[in-house]
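Open the model in your viewer and keep the selection tool at hand.

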Amino acid sequence: MAVGMSSGAEEALRREVNRPDPCTTSDLLPERYEIQRTADFIRRHRLHRVVLQFPDELLPDAAPVARLLREATGLRPLILADTSYGSCCVDEVSAEHANADGLVHYGHACLSPTRRLPVLYVFARRKLDVQRCVAAFHHLYPMRNTRVLLLCDLKYAHAIGTLADVLQTEYPGLRIAAIVDEMGTAGEEPERSSSQCCIQRAEEKEENCHRERIASEIIRGGRGENAVCEDAQVCKDESLKKGVMEGNWEVQGKDSLGGWEKETSNSACMEFDEKQKEKEKTVKHVRHVDDNTVVTWCGRQFILESGCSLSDYSVFYVGPASLALTNVMVSWHSCAFATFDPEGPECDGDVGGRHEDGVERACILRRRRYLVERVRDAHIIGIILGTLGMVGYRDTVARMREVAERAGKRHYTFAVGKLNPAKLANFPEIDVFVLVACPESSLILHLSEFYRPIVTPYEMEVACNPARCWLGDLITDFRELLPGGTKFVPLAERESEEVQEADVSLLSGCVRAPPPQPFTTTTNSTAIASRNQNLQVALADDHSAASFLVTRSWRGLEQKVGETPLGCVKEGRRGIAIGYEGEGVERTGEAQDQK
Amino acid sequence: MDTDLYDEFGNYIGPELDSDDEDDLDELRDVEDHVQDEAGDDDDEGGEGDAEDEPGTMEVVLHEDKKYYPTAEEVYGPEVETVVQEEDTQPLTEPIIKPIRRKKFRMMEQELPSTVYDMEYLADLMDNPELIRNVTLCGHLHHGKSSFVDTLVEQTHPEIRKHLERDLRYTDTLFTEQERGLSIKSTPVTLVLPDSKGKSFLFNVMDTPGHVNYSDEVTAAFRLSDGIVLFIDAAEGVMLNTERLVKHAVQERLAITICINKIDRLMLELKLPPTDAYYKLRHIVDEVNGLLSLYSDSEVGMMVSPLLGNVCFASSQYGLCFTLGSFAKLYADCHEGINFQEFAKRLWGDIYFNAKTRKFSKKPLASNSQRSFVEFILEPLYKIFSQVVGDVDVTLPATLEELGVHLTKEEQKINIRPLLRLVCRRFFGDFTGLVDMCVQHVPSPVIGAQAKVQHTYTGNLDNALGDGMLFCDPDAPLMCHSTKMYSTDDGVQFHAFGRVLSGTLAAGQDVRVLGENYTLEDDEDSRICTVGRLWVSVARYQVEVSRVPAGNWVLIEGVDQPIVKTATITDPSGSDEAQIFRPLKFNTASVIKIAVEPVNPSELPKMLDGLRKVNKSYPLLTTKVEESGEHVVLGTGELYLDCVMHDLRKMYSEIDIKVADPVVSFCETVVETSSLKCFAETPNKKNKITMIAEPLEKGLAEDIENEVVHITWNRKKLGEFFQTKYDWDLLAARSIWAFGPDSTGPNILVDDTLPSEVDKTLLGSVKDSIVQGFQWGTREGPLCDEPIRNVKFKILDAVIAGEPLHRGGGQIIPTARRVVYSAFLMATPRLMEPYYFVEVQAPADCVSAVYTVLARRRGHVTQDAPIPGSPLYTIKAFIPAIDSFGFETDLRTHTQGQAFCLSVFHHWQIVPGDPLDKSIMIRPLEPQPAPHLAREFMVKTRRRKGLSEDVSINKFFDDPMLLELAKQDVMFNYPI
C-alpha cells in the first residue's frame with residue numbers, strides 16, 4: 001500500500017490492495033447494494049452525474065453495480081476508487097472533479113458530515129444471524145437489569161431493529177444506538193432499512209419537511225456548509241423543529257422502541273437556515289432533552305435513561321474488530337465493552353460473544369500520553385489535511401495553527417492525500433504531525449512505522465493548551481473541540497513573560513525551551529557585515545530556514561540549462577491533473593465503464 | 001411536677017410522650033404568642049420600640065417566616081459561607097476546620113547554634129581561598145562517615161552533643177535518613193577547624209551516603225571537591241564501594257586521603273593482639289595502594305601511606321583521630337627535645353626501637369620486639385582502652401594522671417563507653433590530625449582549580465574567563481557550577497548547591513543559568529534568573545551570607561527553576577564565551593524501572609509535578625514517558641526507588657500512586673554475522689541498500705558509552721583508535737559513519753562499500769538519511785522496542801538514484817531502518833539484560849545458604865574468601881537485575897539476618913535462549929527454564945508495551961528478500 005509521492009504509475013497498477021471480498025454473485029447484488037433504493041435516490045434528486053465511491057475491498061463489485069444502476073436509471077454512473085483519504089469518508093472533492101452532482105458511498109463509512117453533494121450511503125449489508133447474536137447477548141449479560149447499549153457495525157445495521165425487538169422485552173435497560181445520519185427511503189421495507197440516505201435538495205424540502213415523523217435522523221447538507229445529524233436543531237422553522245424534535249424524543253424516551261420502527265423507516269429532508277450554519281459546524285455530542293440525555297456519536301444516536309451517564313452502560317457491539325470499534329472503545333473509555341462477531345468462527349457451545357478486557361484499549365490510551373509529551377517537546381508541527389470534505393475541518397486547521405502559535409511552535413500545513421511513511425518522511429524536520437481527519441482515520445495505530453508521530457487535534461490541544469486538563473481520555477472527533485462543541489476549552493491566556501515556569505521534558509529530561517517571544521523583525525539593524533569572497537554579505541544566521549534549505553539535497557526541478565534541446569513554445573493543456581480541458585470527461589467515464 | 005411520673009432517681013417512668021403532640025402544643029403556643037404580640041404591638045404603637053429584632057410593626061408574621069436565630073451572615077458578616085448538613089458527612093476524627101499543616105521533612109536548627117568560632121570569622125575566611133579545603137568524605141556503607149562528621153560538629157559546637165548511646169547523625173537531616181539509619185543525600189558542612197599548629201582553615205566537608213545505590217550523590221559531591229577522605233572500616237577493610245570510590249576518585253582526578261575508622265573495633269570487638277592489628281591496618285593500606293595503582297594511569301603520585309601523612313586513624317565513636325604526626329606531637333608535647341616530625345617518620349613500617357641505644361633500626365632486636373607503630377601507638381591505645389574498660393577504679397587514675405587527663409569524681413562514675421569517649425577526647429584533643437592531613441594533601445581551591453577546571457569545563461580556557469577560573473580569582477567574571485539541588489524543608493522549592501569557581505556571587509544578583517544542553521551554537525537552554533539569598537550550609541542550619549567569592553561552596557535560592565540536574569551559573573551579560581561544565585558522569589547506571597500511575601487519573605498533573613521534583617532531587621534518577629505511555633522511573637536499585645517513591649508520595653505530590661512491579665531495561669543485540677546480505681528497495685524502487693549486522697568487539701560498546709572515543713573526532717584520529725585498539729582495517733576504521741542511537745550510543749554504522757562498485761558521491765548525498773534511519777532503528781529494536789546494543793551495521797552495497805528527487809529522505813530513511821532491522825534479524829538476535837555485582841558478607845556457617853539463594857535467582861559466585869582478621873566471609877557474585885528484586889530480604893531470611901549484601905549494576909549480559917523461537921510455549925504463572933527466558937522476556941515486554949505478541953518479520957523484508965530467504969532456508973523459526 002505504501003507508496004511515496006514520486007512513485008511511478010506502473011507501481012500503482014501493480015499494487016495489490018487488501019484481499020478483496022470475493023465478488024458477490026449477481027443475484028445477490030440488487031439486494032446487497034440496494035440498487036432500487038439507489039435508483040430512487042437518483043431519481044428523486046434528479047441527478048445527472050452520479051459518482052459511486054467504492055472502497056478497495058468492494059471494488060470487484062463496482063462494475064456490476066454500475067451496470068445495474070445504469071439499467072435502472074439510464075444514467076451512466078462513474079466509479080470512484082482509490083479515495084483521496086480514508087475510504088470511510090465521502091470523497092467530495094474527487095466527485096466534484098468529475099463534475100458529479102450526487103454521490104453514492106458504498107461500504108463502511110464514518111458517517112462524518114460533509115458539505116456539498118447529496119450523498120447516499122449503501123453499507124453493503126451482511127446477513128446477521130439474529131438467533132446467534134441473541135444467544136451471545138444472553139450469555140454475556142445474564143442479569144436482566146443490566147444497562148446495555150447496543151451498537152452495531154454498519155453492515156449489520158439493517159438487522160438491528162429485529163435484534164432490538166427481541167432483546168428489548170427482556171432487557172428493559174437496553175438502549176439502541178440508531179443510525180441517524182440518514183433518512184430511510186424505504187419506508188415500506190419490511191425490515192428496517194439501514195442503509196438509508198440523507199439528502200438534501202432545496203427543492204425537495206417543501207414536500208418532506210412537514211412529514212410528521214421527522215425522525216431522530218439525519219440531515220445532510222444539500223447546499224451550503226452543512227450537515228449535522230447531531231444537532232437536532234436543523235429545521236428551518238424554530239417552532240416546527242422544536243415540536244417535531246421534542247415529540248420525537250418523547251416517543252423514544254417513553255417507550256423506547258415502540259415508535260422506533262416507524263421513525264427510522266422514514267425520511268426527512270430539510271434545508272438549513274443560513275444562520276445556523278455557524279452553530280452546526282460543531283457538534284454537541286451530549287444534549288439534554290426533557291431530562292433525557294441524548295448522545296450522538298459518529299452518526300449514531302441514542303437516549304440514556306434519565307439520571308444515567310454513558311459510563312453506567314456497557315456496550316454490546318455487533319461486528320468484527322475494526323477501526324470503528326477501536327474508535328468507539330477509546331472514545332468511551334469508561335464503558336465496559338463486549339463484542340459479537342457474526343462472521344467469527346462458530347465453535348461448539350461457544351456462542352461467540354466475548355467481553356473486551358480493556359487491556360488493548362488501556363494500552364492505546366496510554367500510548368497517547370507519550371504522544372502528548374512528544375507534542376510538548378516538538379518545535380515544528382506539521383498539520384496534515386486528512387479530509388477536504390468534513391464539516392469544520394477548516395476551522396480545526398485554523399485552530400490548530402492558533403494553538404501552535406500560542407505555544408510558540410512553528411507550523412506548516414500539508415495536504416498529502418493518503419498517508420504513508422515515505423510521504424511523511426520527506427519532511428524530517430517536522431517533529432510531530434497533527435492529522436485533521438474523520439474520527440476513524442485519525443486514530444493511527446501503527447505509528448511506529450512513521451518516522452514522526454501523528455497525533456489527533458485533541459492531543460495537540462492537550463499538549464499546548466494549558467487550560468485543558470487531560471484525564472486520559474481521547475476525543476477523536478475534532479468538531480467537539482471547536483467553539484460550541486461539548487469539549488471546547490478556550491485557549492489559556494498567555495502567561496506573563498516573567499513567570500514562565502521552566503518545564504522539564506519527560507522524554508529527554510531536559511528543560512524545554514520557553515516559547516519564543518512573538519517574532520519581531522529587527523530590520524533596522526545597523527551592524528556592519530563583512531562581504532565574503534563571493535561578494536555575499538553574510539545575512540542569514542545559522543538557524544535560518546534559508547541556510548537549512550541550502551543543505552538539503554532536493555532543491556526543486558533541475559533546470560539543466562543547455563542540456564535540453566531548444567524547441568518552439570507550444571500551448572499546453574489547461575486544467576487540473578484529473579481532467580484536462582479538451583481531454584473530455586466522457587472518455588474517462590467510458591474507460592471506467594469498460595473496466 | 002407530678003412525682004408519680006418519676007422514679008426516685010429522677011428518671012421519667014410515666015406514659016410515653018408523643019413528641020408530635022408537643023410540637024402541636026408549641027405551635028399552638030406560637031400562634032398565641034403571635035396574637036399576643038400583635039395585641040402588644042397595637043398597644044405599644046407610638047411608644048418606644050423595645051426590641052430591635054422585632055419584626056415590622058404591623059405585619060402578620062407567619063410561623064414559618066418567623067426568625068428565631070440570626071443568620072450566619074448577620075453574625076459573621078458577609079462572605080461567610082454557611083453549610084447546613086442534615087447528617088454527618090465527616091467522621092468525628094476529622095476536624096471540621098482542619099489546622100494548617102506545615103510540611104516538614106528535615107530537621108533544622110531553629111536558630112544559629114553557638115560555635116567555638118565567630119560566624120564573622122567564618123565569613124572572612126571565605127575570602128582566603130588558600131585557607132579553604134573542599135573535601136568529600138566517602139566510603140563504604142556504615143564505615144562511619146556521618147558519625148565522624150558528628151565528632152567534628154561536636155568539637156566546634158559546644159551546645160550540640162550526642163545523646164547517650166544514640167548517634168547524633170547531624171548530617172542526616174531528613175527524617176527518612178534518621179529512620180532508616182543511613183544517609184541518603186550528601187550533606188555539606190562548613191566548619192572552621194584548626195590544624196595542629198593552631199592555624200584555622202575553612203573546611204567545606206561533604207558527608208556522602210555509603211550505600212551503592214546512592215553513588216550518584218557521591219559523584220555530585222566529587223565534582224565540587226578537590227579531594228576526598230576515604231573512610232575504611234578497620235575491621236571490614238576494603239569493601240565493594242570502597243573499591244568503586246577509589247576508581248571514581250581517580251577518574252575525577254581528586255586527591256585521595258584515607259581514614260581508617262573504627263579502630264576501636266580491632267581492640268574491643270575482634271580483640272586482636274596489637275601486632276595483628278598492625279598487620280590488619282597495613283593490609284588495608286596495601287589494598288588501597290593496589291587499587292590506586294590499578295586504576296591510575298600515571299605512575300606518579302598515587303599512593304597512600306601513614307608515612308606520607310595521607311592516612312589517618314580514627315574511631316569516631318570514641319572521638320579519637322590521629323595521624324602519625326599528631327600522635328608524635330603528643331609525645332613531643334610531654335617530652336622535651338623530640339622532633340615530632342622526624343619521630344613520626346619512624347612510626348610506620350618495619351622499624352623497631354632499640355630502647356638501649358635509643359635508636360630506630362630496620363631489624364628487630366629480638367624476635368619478640370615490636371614495630372615502632374605497635375610500641376608507640378597501638379600499645380598505649382590498647383592500654384587506655386583496656387584500663388577504661390576493665391580497671392576503672394585501680395589503675396586508671398594513675399594512668400590518666402600520667403597522661404595529664406583529669407576526671408572529676410562524677411565523670412569517673414559514668415558508663416564505660418562515655419567514659420572512654422571522654423578520656424579519648426581529653427587525651428587526643430581536637431581532630432588536628434585530620435586537618436593536617438587535608439591541609440597537606442588536599443589542594444586548596446586555588447591550587448586545585450587547574451585540575452578541576454580542566455577536567456570539568458567544556459569550553460576554552462585561553463581567555464579571561466579561563467584565567468579567572470584557573471586562578472580562582474574573585475574579581476573575574478562569575479562562573480559557578482551547581483551539581484545538586486536540595487529541597488526546602490517543606491519540599492516546595494529547591495536550592496541549588498554549587499561551587500563558585502571564579503568571580504563572586506552576590507545575593508540579589510541577576511545571573512544566567514546554563515543548562516546541560518547549552519552550547520555556544522544552541523543557546524536555548526539558558527535562562528536569566530535573579531539570585532535570592534545565599535547561604536553557607538552546615539547540615540541543619542544555614543548561615544546567610546551576602547556574597548560568596550571564588551573557591552567556596554554555596555547554597556543558592558531562586559535559580560532552581562531552569563535547573564534539572566547540573567547547571568553553570570554565570571554573569572548575565574558580557575561573558576558570551578562562557579560554556580558549561582560537563583554534566584555528571586556516574587559510575588553506575590539506572591537499570592531498575594518502575595511504572596507509576598496516579599490512583600485517581602485526574603491527579604496526573606500533580607504526579608507529573610512530583611516527578612519533576614524528584615528528578616531534580618536525585619542526580620541519577622530518570623523519569624520519562626515511554627512509548628507505551630507508561631510513566632517510568634528509572635533508578636539504581638530497590639532502596640533508591642523506595643526513597644524516590646517516598647518522596648514522590650509524601651513530599652512532592654501527596655497523592656496515591658500505583659506502582660507496577662519493577663522491571664529492568666533490556667537491550668537487543670546480535671551474536672553472529674547476518675546469515676545473508678540484507679537488502680531493501682525504497683518504495684519507489686529507485687534505491688536499494690544492502691547491509692549486514694555483526695556483533696561489536698568486546699569492550700567497544702563500553703568505550704563509546706564512556707566517551708573514550710568520540711564520533712566528533714576527525715577521521716584520522718578515529719581511524720587510528722579503531723585500528724590500534726580494536727584491530728580494524730584501515731578502510732573500515734576510516735569509514736565509520738555514525739554511532740547510534742545517539743553520539744554515545746553503543747552501535748556503529750560503517751560504510752563498507754567499495755568505490756569501484758558504488759558511486760560514493762551519490763552515497764554521500766544520502767548519508768544523512770541513512771544515518772537517520774540507522775539511529776531510528778537502533779533506538780527501538782525490532783524485538784521489543786528496546787534499544788539495540790553492541791551491533792555493527794555495515795553498508796555493503798547501495799544503489800542510489802541519480803535524480804535527487806528520487807532519493808529524498810522520505811524514501812531513504814524508512815528504508816534504511818528496514819534494512820537495519822532485517823540485517824539485525826538475520827544475525828541471530830538476542831536479548832540482553834543488566835547484571836548486578838553483589839557482595840555478600842556472611843559468617844562462615846551461612847555461606848552455603850548464600851549460595852542457595854543466589855542459585856535460585858540465576859546468580860553465580862565468582863569469589864568467596866574470608867575477610868582477614870574477622871570471622872566473616874565475603875562472597876562476590878553476579879546476579880541478573882531482573883531476578884534481584886527481593887534478593888536482600890530473601891538472603892536475610894535464609895541466614896537469619898546474618899548476611900548482608902550490596903549490589904550494583906555491573907554489565908549487560910545476553911539472556912539465554914532464542915527470543916524468536918516460536919516453539920516455546922510461555923505458560924502463565926510458571927517459572928520458565930533457562931532457554932525459554934529470552935522468549936519470555938520478549939513476549940512480556942511486548943505485551944506490556946501493547947505490541948503484537950510476535951515480531952512480524954515481513955514488515956521488514958521485501959518480497960525478493962523473502963524469496964532469497966526461502967531459497968536459503970534460513971527462516972526456520974521466523975513467522976512470516
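A residue is called buried under 20% relative accessible area, exposed over 50% and partly exposed in between, with a 1.4 Å probe and protein chains only. The model is predicted, so local features need pLDDT of at least 70 and side-chain atom pairs count only at pLDDT 80 or more, while totals for chains, interfaces and linings use all residues. Residues are numbered from 1 along each chain as written, chains are lettered from A and ligands numbered from 1 in written order, and side-chain values use heavy atoms, without hydrogens and water.

Rings of Phe, Tyr and Trp (its six-membered ring) pair if their centres lie within 6.5 Å; planes under 30 degrees apart are stacked, over 60 edge-to-face, the rest tilted. That rule gives 47 aromatic pairs over all chains.

Select B:Phe148 and B:Phe231. Their ring centres are 4.9 Å apart and the planes meet at 65 degrees, so the pair is edge-to-face. B:Phe148 belongs to helix H4 (residues 145-156) and B:Phe231 to strand E4 (residues 227-233) of chain B, 83 residues apart. Helices (H or I, at least four residues) and strands (E, at least two) are DSSP runs numbered from the N terminus. B:Phe148 is buried because its relative accessible area is 0%; B:Phe231 is also buried, at 0%.

Next, select B:Phe774 and B:Phe793, an edge-to-face pair with 5.8 Å between centres and 75 degrees between planes. B:Phe774 is buried at 0% relative accessibility, and B:Phe793 is buried at 0%.

Finish at B:Lys185, which lies over the face of B:Tyr618, 3.5 Å from the ring centre. The criterion is NZ of Lys or CZ of Arg within 6 Å of the ring centre and within 35 degrees of the ring normal.
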